[in-house]
Amino acid sequence: MKKHIHFIWIFFLLASHSLQAQTNPDFQKLDTYFEQMVKDWDVPGASIGIVKDGQLVFIGNYGNKTVGKNEKPDEHTLYAIASNSKAFTSAVLAMLVQEGKLHWNDRVKDYLPYFSLFDDPWISAHVTIRDLLSHRVGLGTFSGDVIWYKNEGSAEDFIKRTGKVPQAFDFRGGYGYSNLMYVTAGEIIRKITGKTWGENVKERILNPLGMDRTITTAKDLDKKGNYVTAHGREEGKNFPIAFEDWDTIGATGGLISSVSDVAKWMIFNMNHGIIGKDTLISRGNRNLMWTMHNVNVVDHTQPNDPGRHFSGYGLGWNLGDFHGKLMVGHTGGYDGMITAVTMIPEEKLGVVVLTNGHQSPIMAATYYAFDQFLGTGSKDWSGDMLKRSLANQANDTRIANIKKARVLNTKTSLSPSQFAGTYRSDIYGKIEVKEEKGTLRLYFEDAPRLSASLKHWHYDTYEIIWDEKHAWFNFGTLQFLLNNKLQVVGMDFNVPNDDIFFEELKPVKINP
């Protein structure tokens with residue numbers, strides 16, 4: 001009952017505001033829809049906030065912080081917002097541009113001499129700050145993320161290893177979403193300021209905006225309190241997993257925030273970088289960050305539900321349109337949490353959706369809210385997107401195909417002990433296979449949480465039995481490669497998933 005009183009109060013606040021939306025939204029209808037949506041999608045919990053005309057006018061909290069526990073989130077509950085952090089990175093760089101400490105077209109190698117891509121000196125020498133932030137350097141989407149995933153190395157280590165990641169398309173010739181390039185941007189910020197990315201974000205953005213619940217490292221979670229549990233999903237069930245600390249790669253996805261704090265960030269951006277009497281982001285930089293630097297194809301031969309005419313990427317922001325109005329936003333994917341921040345700036349309308357599960361209705365909630373505020377339709381976004389999501393899952397037969405192709409009652413070409421040894425990956429470093437108590441064990445340099453046991457699958461292929469459950473992948477195999485002298489020369493990974501590409505490792509055995 002208390003929640004609905006809150007909705008009624010903000011309804012009158014919105015209705016009395018001088019800049020009204022095109023339609024008066026029914027907050028009770030929104031609340032009912034979102035509550036059912038969270039149940040239908042079987043996401044453990046969600047917090048949703050809607051900003052209109054500089055005010056947080058709707059707050060909805062659903063499900064639980066942890067599956068199986070009756071503890072509801074609220075507007076101050078902390079979630080990892082992952083790649084929504086990228087816009088904070090571009091904002092810090094914009095401030096450094098305004099201070100004359102760098103220029104958008106400066107070359108990366110001028111700040112990080114060790115930076116390289118594709119063993120190509122010309123490309124390596126010509127990559128600029130804007131190239132890093134707009135995903136146009138030539139890397140494939142998510143390519144190289146296996147370098148930093150659960151790795152305890154330094155950002156500099158990760159950037160140096162990136163030079164060996166394969167090229168997917170011509171330099172500035174396509175779109176490849178690259179977390180590693182944002183890690184690189186974070187190191188440039190540290191190089192210029194002498195402070196970490198997190199320190200810069202806190203001093204330059206979080207403190208001025210009063211985002212006092214937002215943190216840049218999971219180490220501060222217990223200090224803040226009131227945070228959700230992350231959840232993986234396997235065989236149609238949610239399971240709790242540990243909160244990851246992305247401090248080292250913070251510039252690509254390190255922020256942990258709440259509906260209340262993200263609302264302040266959206267209001268600030270829709271006020272074009274002005275907070276009170278202070279202009280933190282200049283008009284020129286606001287326009288540059290919201291200008292497409294990379295363009296995606298939109299099918300103009302048939303209508304689409306959002307009425308979209310264009311789609312692309314600026315500097316830290318996704319850009320498109322919703323029924324003819326500019327739409328600016330981003331999504332975030334973190335181990336066990338999926339989030340979205342989306343705005344219609346000319347309507348001063350923004351939606352933040354924070355969830356603590358992998359099967360997540362972030363854009364269904366966003367588009368439904370936009371329709372209710374703008375009067376652009378009555379589509380059941382949740383029903384439609386859930387149907388498509390489930391169909392995509394059903395059509396993903398990669399793991400099933402591997403299992404179907406298994407040949408039983410086979411033997412390895414060599415004794416298991418002969419597979420043991422040290423392997424080296426150009427993009428990663430050392431990967432070791434050891435025989436321990438009659439079982440082969442797999443160890444990744446600087447990533448002890450990726451350790452696994454190897455169980456014979458067929459021929460010279462082993463199933464990877466991870467020591468801990470992971471959010472992005474579960475089943476996988478590893479094939480030992482032999483030369484014509486029956487010497488082990490390397491390994492091939494096959495870990496089907498859409499985010500962490502173990503197949504890029506291609507380790508070679510040292511002294512086969």
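## Gly173 in a loop

Gly173 belongs to the loop that joins α7 (155-162) and α8 (179-193). The model described in this report is predicted. Gly173 has a relative accessible area of 54%, and because exposed means over 50%, Gly173 counts as exposed.

Glu503 is 330 residues away from Gly173 in sequence, and the C-alpha atoms of the two are separated by 24 Å.

Is Asn294 buried or exposed? Its relative accessibility is 8%, and because buried means under 20%, Asn294 counts as buried. Asn294 is part of strand β9, which covers residues 294-296.

The side chain of Asn294 takes part in two polar contacts with the backbone, described here in turn. A polar atom of this side chain lies 3.0 Å from the backbone oxygen of Ser134. The side chain of Asn294 also reaches the backbone oxygen of His135, again at 3.0 Å. When residues up to four places away in sequence are left out, Asn294 touches Ser134, His135, Arg136, Gly174, Tyr175, Gly312 and Tyr313.

## Ser124 in a helix

Ser124 is located in helix α4, made up of residues 121-126. With a relative accessible area of 4%, Ser124 is buried, because the value falls under 20%.

Which backbone oxygen lies 2.8 Å from a polar atom of the side chain of Ser124? It is the backbone oxygen of Asp120. Leaving aside residues up to four places away in sequence, Ser124 touches Lys109, Phe115, Ser116 and Leu117.

## The chain as a whole

The protein chain contains 16 helices and 22 strands. Its radius of gyration is 24 Å, close to the 24 Å given by the globule rule for 512 residues, so the chain is as compact as a globular protein of that length. Along the principal axes, the C-alpha atoms fill a box of roughly 80 × 55 × 50 Å.

Of the 512 residues, 55% count as buried. Among contacts with a separation of 6 or more, 62% are between residues 24 or more positions apart.

The protein chain exposes about 21,700 Å², of which carbon and sulfur atoms supply 49%.

Note on methods:
Residues numbered from 1 in each chain as written. Predicted model: local features only at pLDDT ≥ 70, side-chain atom pairs only at ≥ 80, totals over all residues. Heavy atoms only, no water. Helix = DSSP H or I, 4+ residues; strand = E, 2+ residues; numbered from the N terminus. Rg over C-alpha atoms; globule rule 2.2 N^0.38 Å. Buried < 20%, exposed > 50% of the residue type's maximum accessible area, 1.4 Å probe, protein only. Contact = heavy atoms within 4.5 Å. Areas by Shrake-Rupley, 256 points an atom, 1.4 Å probe, with all protein chains shown as cover. Polar contact = N/O pair within 3.5 Å; in protein donor to acceptor, adjacent residues only side chain to side chain.
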